[in-house]
Amino acid sequence: IMVCAPNASHSPVFLLLGFSRARVSPALLFFLFLAIYLVTVIGNVTLVLLISRDSRLHSPMYYLLRGLSVIDMGLSTVTLPQLLAHLVSNYPAISAARCLAQFFFFYAFGVTDTLVISVMALDRYVAICNPLHYHSVMNRQLCACLLTLSWVVSVVHTMLHVGLLLPLYWVGDAEGNVKLPHFFCDHRPLLRASCSDIHSNELAIFLEGGFLMLGPCALIVLSYARIGATILRLPSAAGRHRAVSTCGSHLTMVGFLYGTIVWVYFQPPSQNSQEQDMVAAVMYTAITPLANPFVYSLRNKDVKSALHRLLGRGRADS
């Protein structure tokens, strides 16, 4: 248990040193993450525009997908531009106020992302298991309410953890800087670096955070269990293939997201926990938002057709 020294502070300057020991040059990392960020923004903006402009995509599933694309852009924007700035700086510092703000927005976008993905599983359940009432059940009003509820739950959850971080103290070096082995203000590095009692924080993560993680996961599992049972009862192979194809893109993203969580957090404890946190953070903030628009466009005939119509209209206009 760490003991806080007299010079401990509520609001130190944090040094984000996550990539300081990387074997790859900072210049190469800069161009790599710049390319990832630009492609992420362009891909998700394109998906949002396609869904907004093409009337054939004005259905509940695409309404939710458009919300997911906006969330993914926010998740990347919270962390990657700052990472790019720090990669070309000799002093990767961030004030305590900016650190907590980044923490808030990262978790608000991240938790909303998992909740919206679970709502999309519910949408697929209604579409396949109750297709005759799909448009009357999953209407725009219900989708808007579910998206709003996801944001409210996420913000309340994040405010709880921000409130538990505010009383903590950190001890800096001779210049008053606290070194974090991460590239943004994530929960675990902040708690590890604190000299305060963090049992309340850990209890909140285990109880409230665990419930918030298991709830969406259980909804996804139950939805797809019912979907699988319904598909097996379909009389024709063509009907089964059509039902599976409507879930393919969403299942890919679910597997990508929760596969990353299992890969990182369900391994035996080791000395590389900080490196595992970094890998998880890169997956959440860079790879998953990057993959989302491509998974839904490459595996989805409706989105590909809308893109062809948009490009064809653009060539016709020119």
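Is Phe109 buried or exposed? Phe109 is buried, because its relative accessible area is 17%, and the cut-off for buried is under 20%. This value, like those below, is computed from a predicted model.

Strands of a sheet pair through backbone hydrogen bonds, either parallel or antiparallel. Look next at E1, residues 13-16. E1 and E3 run parallel and are joined by four bridges. Val13 has Asn177, in E3, as its bridge partner.

Now turn to helix H3.

Aromatic rings come next. The whole structure holds ten aromatic pairs. One of them joins Phe103 and Tyr107, with ring centres 4.7 Å apart. Their planes stand at 40°, so this pair is tilted. Phe103 counts as buried because its relative accessibility is 1%.

A second pair brings back Phe109. The ring centres of Phe109 and Trp151 are 5.5 Å apart. The planes meet at 80°, so the pair is edge-to-face; the cut-off for that class is over 60 degrees. This pair links distant parts of the chain. Phe109 lies in helix H3, while Trp151 lies in helix H5 (residues 140-165), and the two are 42 residues apart. What of the accessibility of Trp151? Trp151 is partly exposed, with a relative accessible area of 29%, whereas Phe109 is buried.

Rings also gather in a group. One aromatic cluster is formed by Phe19, Phe33, Phe103, Phe106, Tyr107, Phe183 and Phe184. The tilted pair of Phe103 and Tyr107 therefore has both its members in this cluster.

The cysteines complete the tour. How many disulfides are there? The count comes to one. Cys99 and Cys185 form it, with their sulfur atoms 2.0 Å apart. The torsion about their S-S bond is about -125°, so the disulfide is left-handed. Cys99 lies in helix H3. Cys185 lies in the loop between E3 and helix H6 (187-193). The pair therefore ties together parts that are 86 residues apart in sequence. Both ends are buried: Cys99 has 1% relative accessibility, and Cys185 has 0%.

Cys129 counts as partly exposed, at 23% relative accessibility. Cys145 is in no disulfide. Its nearest cysteine sulfur, that of Cys143, is 9.3 Å away, and a disulfide needs sulfur atoms within 2.5 Å. Cys145 counts as exposed because its relative accessibility is 52%.

Note on methods
Residues are numbered from 1 along each chain as its sequence is written. This is a predicted model: local features need pLDDT of at least 70, side-chain atom pairs count only at pLDDT 80 or more; totals for chains, interfaces and linings use all residues. Side-chain values use heavy atoms; hydrogens and water are left out. Two strands pair if DSSP finds at least two bridges between them. Rings of Phe, Tyr and Trp (its six-membered ring) pair if their centres lie within 6.5 Å; planes under 30 degrees apart count as stacked, over 60 as edge-to-face and the rest as tilted. Buried means under 20% relative accessible area, exposed over 50%, partly exposed in between (1.4 Å probe, protein chains only).
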